Amino acid sequence: MIKLSVVIICYNEEHNILRCLRSVKGIADEVILVDSFSKDRTVSTGILEGAIVFKHPFEGHIQQKNYALTKASYDHILSLDADEALDDLLKSEILRVKANFNQEGYYLKRLNNYCGYWVRHSGWYPDKKLRLFDRRKGSWKGTNPHDKFSLDAGDKFTELLNGDILHFSYYTVEEHFKQMEYFATIAANELFKKSKKPYWFHLVINPILHFVKSYIIKLGILDGWRGIQICVISSYGTYLKYKKLRSLNSRT
């Protein structure tokens, strides 16, 4: 049976971290917590639960997760965010895989909780993520803040496991708006670094297309009034990203 390192990056997650850490009991051979100098009880809670804690300045989601991989003792990694936890079925699947880790990586489904509601449409489920992998086979890539672990050989040797990562994404609508603002700022800065320029259709058409895709094509309508709320705010996030990019370009 392989040894498994559970790797988590965090910052001010005292309201989530305990649930996350306790959900990996019985499958983790070690838990690595990379903290960006939290000001709450995140670190102390992690230490009490037996996690090995490293503090490291946050330079971006991708950079932080790649740094965290270097701190693990074992090559086989389960990567989680602090606001995530494993359900029982997924835990049993990971135990099965530990006995015969015959793929380069495993996709896990993520079920998002939005203000107490489990979102099963709106493009939010099954929200497959490559989170269980051999770190020697790839690295974290993507465009901040949307990181993803990419295998060097592509997805040829992967498998989708049963069960869900339970993601407690937003407790309030205000948190959703705040996160959209935060993500839009990061995304706009990344686009600006690549010399991207926004045009009128980015600010008008792209948000509309985003809403149509998530609410109609991805069946957000089946999530009721929460679906409307999610799709509208997410579409607003698309608009905000390009608005911020336009502002950055206007300064040059």
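How many disulfides does the structure hold? The model is predicted, so local features require pLDDT of at least 70 and side-chain atom pairs count only at pLDDT 80 or more, whereas totals for chains, interfaces and linings use all residues. Residues are numbered from 1 along each chain as its sequence is written, and side-chain values use heavy atoms, with hydrogens and water left out.

The structure holds zero disulfides, a disulfide being a pair of cysteine sulfur atoms within 2.5 Å. For Cys10, the closest cysteine sulfur is that of Cys20, at 9.0 Å, which is too far for a bond. Cys20 is likewise in no disulfide, its nearest cysteine sulfur being that of Cys10. Cys10 is buried, with 5% relative accessibility, and Cys20 is buried at 0%; buried means under 20% relative accessible area, with a 1.4 Å probe and protein chains only.

Attention now turns to the cores. A nonpolar core is a set of buried Ala, Val, Leu, Ile, Met, Phe, Trp, Tyr and Cys residues joined through side-chain atoms within 4.5 Å. The largest one has 26 residues, and Ile8, Leu78, Leu80, Leu86, Ile94 and Leu132 have the most contacts inside it. Elements giving two or more residues to this core include β1 (4-10), α1 (17-23), β4 (76-81) and α4 (88-99); helices (H or I, at least four residues) and strands (E, at least two) are DSSP runs numbered from the N terminus. With four residues, β1 gives the most to this core.

Beyond neighbours within four places in sequence, Leu78 is in contact (heavy atoms within 4.5 Å) with residues including Leu4, Val6, Leu86, Ile94 and Leu132.

Terms used
Buried < 20%, exposed > 50% of the residue type's maximum accessible area, 1.4 Å probe, protein only.
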